[in-house]
Amino acid sequence: MSTISVRNVTKKYGAVTAIPDLSLEVTKGEFIVLVGPSGCGKSTLLRMLAGLESITEGEVAIDGEVVNNMMPRQRNIAMVFQSYALYPHMTVAGNMGFSLKLDGADKAEVAERVNEVAKILALDSLLDRKPAQLSGGQRQRVAMGRSIVRDPSVFLFDEPLSNLDAKLRVQMRAEIKSLHNRLGTTIVYVTHDQIEAMTMADRIVVMNAGTIEQVGAPLDLYDQPANRFVAEFLGSPSMNLIDGTISDSGTVVLGSGLELPLGASLRAGAEVTLGIRPEYISLSDTGGMKVRCMVSVIEPTGPATILVVEMGDEKVTIEVTGRVAHRVGDFIDIWMAKEHCHLFDTSSGIRLDQ
Amino acid sequence: MDATVNPAVRQGQGIFSRYRRVDTITKLTVIAATVIALIYILLPIFWMLKSSFQTAAEIKQLPPKWIPDQIRLDSYQDINLLIPIWRYIFNSIYVSAAAALLATLIGTSAAYVLSRFRFPGMTLILVTILVTQLIPPITRVFPLYALIQDAGLLNTYTGLILSYAGFSLPFSILLLKGYFESSCPPEIEEAALVDGCSYISTFLRIILPISLPGLAAVTIFTFLNAWNDFLWASLLLNSSEMKTIQVGIGDLTAEGGGTRYVSMFMAACVLATVPALIMFIFVQRWLVSGLTSGSVK
Ligand SMILES: Nc1ncnc2c1ncn2[C@@H]1O[C@H](COP(=O)(O)OP(=O)(O)OP(=O)(O)O)[C@@H](O)[C@H]1O
Ligand SMILES: [Mg+2]
């Protein structure tokens with residue numbers, strides 16, 4: 001059963017079309033992550049779900065009911081804002097209990113529910129403080145607590161972690177994920193951080209310029225990107241992309257003249273882009289395609305080493321586990337795993353090797 | 001090891017004690033400056049207060065008598081014989097409070113719209129508001145008088161109230177606009193809407209309480225300006241029982257307030273100060289800053 005249905009939704013701001021035509025079904029209990037570059041319409045879509053932005057055309061249904069003309073409060077949703085948007089004049093308990101109070105719950109009931117949620121989020125000792133007296137991470141927790149207290153049918157998160165430092169972000173990521181496992185409530189989560197998307201999502205929606213590029217489970221998108229945009233967007237360091245053409249003999253000839261035995265089924269003369277992720281290139285013979293290159297950058301990260309090598313005119317990024325003995329300027333052999341090479345149509349970006 | 005550590009410690013102590021001494025000097029200087037400033041500000045007020053308890057003869061004594069022999073309240077009773085002081089004070093309270101209320105209401109609505117929506121002509125409106133602040137106030141005497149006269153509002157409280165509210169609106173709007181933008185960003189309202197508020201309850205339960213310091217500032221500003229005004233009250237009102245307290249006191253000056261009735265004049269001045277003071281004490285507790293920090297980011 002789907003909790004949220006977005007059917008052919010369009011959003012225009014005057015002459016500007018932020019979302020041309022978008023459809024999406026979200027299953028009950030699913031953790032959906034909307035991801036994409038800045039300005040691609042993630043917040044706009046989320047705010048239309050929340051009822052904070054009008055829907056120009058199309059339909060949004062929550063729990064089977066069309067909500068286009070409903071006020072936010074009638075939609076049974078809760079939202080966590082990037083800036084937290086806590087009520088500065090209320091205590092933590094006041095912030096968290098506000099929606100229940102509006103619902104007409106009696107005092108004891110509100111207090112009980114607030115205490116219950118405060119315990120889950122380790123906020124019990126802070127209930128009497130004002131938001132100004134909290135740290136960034138604590139405010140973030142209060143903002144989440146405020147939405148959890150209501151037990152809504154959908155949680156909407158708009159980049160809730162982007163104001164936290166890296167360490168806290170990793171910690172909160174795990175907490176949100178375990179919260180989801182515990183509550184089982186549908187979550188629509190906006191981020192532009194692809195690691196957040198990969199680690200948290202049941203399904204990722206990759207957006208670009210107001211349209212959906214691809215929807216799917218994180219690893220499916222990672223391994224089987226529908227197009228060059230998705231391939232490049234997910235993964236860090238990102239996928240190597242090298243332009244080339246298909247030769248008469250069905251091989252791929254790269255700009256530098258290098259010929260690779262790929263793309264036999266494609267039309268000769270077609271312009272293609274070769275894509276391979278940095279971790280599928282190896283420095284030892286693993287049976288892939290062997291290429292000789294020059295090392296130009298070495299970046300040890302601890303568990304892994306990232307190398308940038310020059311293959312003709314192209315720069316290629318390689319990620320290997322452990323350390324390497326090479327130095328900048330060395331000529332080395334690399335092996336590219338053939339089964340992990342993708343070919344994209346250069347002009348349309350669509351993946352050809354599926 | 002001792003030898004390497006000790007000089008550093010000693011030096012540290014040296015610096016510390018030097019800072020301590022500077023600190024004491026700074027403190028004393030600040031206290032002295034504050035006391036001087038306070039005397040400068042409060043001396044005339046003290047003079048007014050103590051004179052209201054003295055007889056005319058005692059006030060004029062040389063060298064001046066700073067502490068009255070006895071607290072005489074006669075002048076506070078006798079002032080009623082000279083002017084209808086309570087009526088004037090009431091007039092002033094009415095006009096100032098009405099102007100403050102009106103300016104706060106209009107200012108809040110205007111500032112809210114200007115802080116939340118983008119619409120054509122908005123920049124023009126803002127620039128116009130700013131420009132009105134650049135024109136010397138005295139230049140509006142004639143046009144405004146003519147305007148009030150044409151509107152048939154001469155010698156009415158309405159005319160005066162509208163003028164006072166109008167004078168304070170540009171400043172009020174600019175102040176509140178900034179306030180709404182910085183202290184009450186739209187996300188807070190959106191959070192309230194999602195939490196279950198209607199537009200009206202969002203305003204009453206969220207925006208209003210958060211904006212109270214801003215509203216208080218505008219209310220005080222308008223009230224005190226209206227309360228202290230002499231020019232417009234004397235221009236626009238001429239029937240004697242409608243006068244405001246400032247005009248009433250002005251009349252008194254011309255009728256022996258500086259000579260024969262000087263202690264009554266001082267009593268009138270004291271009475272004219274009290275309502276403004278009460279108003280300020282009442283509203284200032286909402287002026288506390290920092291109330292809103294921490295809502296976002
Ligand atoms: N009020 C508005 N008026 C006009 N255009 C708008 C308005 N709000 C958003 N847009 C446009 O709609 C597009 C999508 O904006 P949106 O805020 O949804 O982006 P986003 O994906 O959330 O980006 P970010 O990651 O930076 O938050 C942008 O191109 C933006 O310029
Ligand atoms: Mg956004």
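# Reading a two-chain model with a ligand

Modeller: Let's start with the surface: chain B has an accessible surface of about 16,800 Å², and 71% of that belongs to carbon and sulfur atoms. Accessible areas come from the Shrake-Rupley method with a 1.4 Å probe, and for residues only the protein chains shown count as cover. This is a predicted model, in which local features need pLDDT of at least 70 and side-chain atom pairs count only at pLDDT 80 or more, while totals for chains, interfaces and linings use all residues. Residues are numbered from 1 along each chain as its sequence is written, chains are lettered from A and ligands numbered from 1 in the order in which they are written, and side-chain values use heavy atoms, leaving out hydrogens and water.

Colleague: How many helices and strands does chain B have?

Modeller: Helices (H or I, at least four residues) and strands (E, at least two) are DSSP runs, numbered from the N terminus. Chain B has 12 helices and zero strands.

Colleague: What share of the residues in chain B is buried?

Modeller: Buried means under 20% relative accessible area, exposed over 50%, and partly exposed in between (1.4 Å probe, protein chains only). In chain B, 39% of the 297 residues are buried.

Colleague: Is B:Glu190 buried or exposed?

Modeller: B:Glu190 sits in helix H8 (residues 186-195) of chain B. B:Glu190 counts as buried because its relative accessible area is 14%. Contact means heavy atoms within 4.5 Å. Apart from neighbours within four places in sequence, B:Glu190 is in contact with A:Arg47, A:Leu52 and A:Phe81.

Colleague: How far apart are the end C-alpha atoms of helix H11 of chain B?

Modeller: The expected span of a helix is 1.5 Å times one less than its number of residues. Helix H11 (residues 245-257) of chain B has 13 residues, yet its end C-alpha atoms are only 14 Å apart, short of the 18 Å that a straight helix would reach. Its buried residues include B:Ile245, B:Ile249 and B:Leu252. Helix H4 (85-116) and helix H12 (262-284) of chain B are among the elements that cover the buried residues of H11(B).

Colleague: Which residues surround ligand 1?

Modeller: A residue is near a molecule if one of its heavy atoms lies within 4 Å of it. Around ligand 1 are residues including A:Tyr13, A:Lys42, A:Glu159 and A:His192. A polar contact is a pair of N or O atoms within 3.5 Å. A polar side-chain atom of A:Ser38 lies 2.5 Å from an oxygen atom of ligand 1, and so does one of A:Thr44. The protein covers 58% of the 640 Å² of accessible area that ligand 1 has on its own.

Technical notes:
A polar contact is a pair of N or O atoms within 3.5 Å; within protein, one must be able to donate a hydrogen and the other to accept it, and residues adjacent in sequence count only if both atoms are side-chain atoms.
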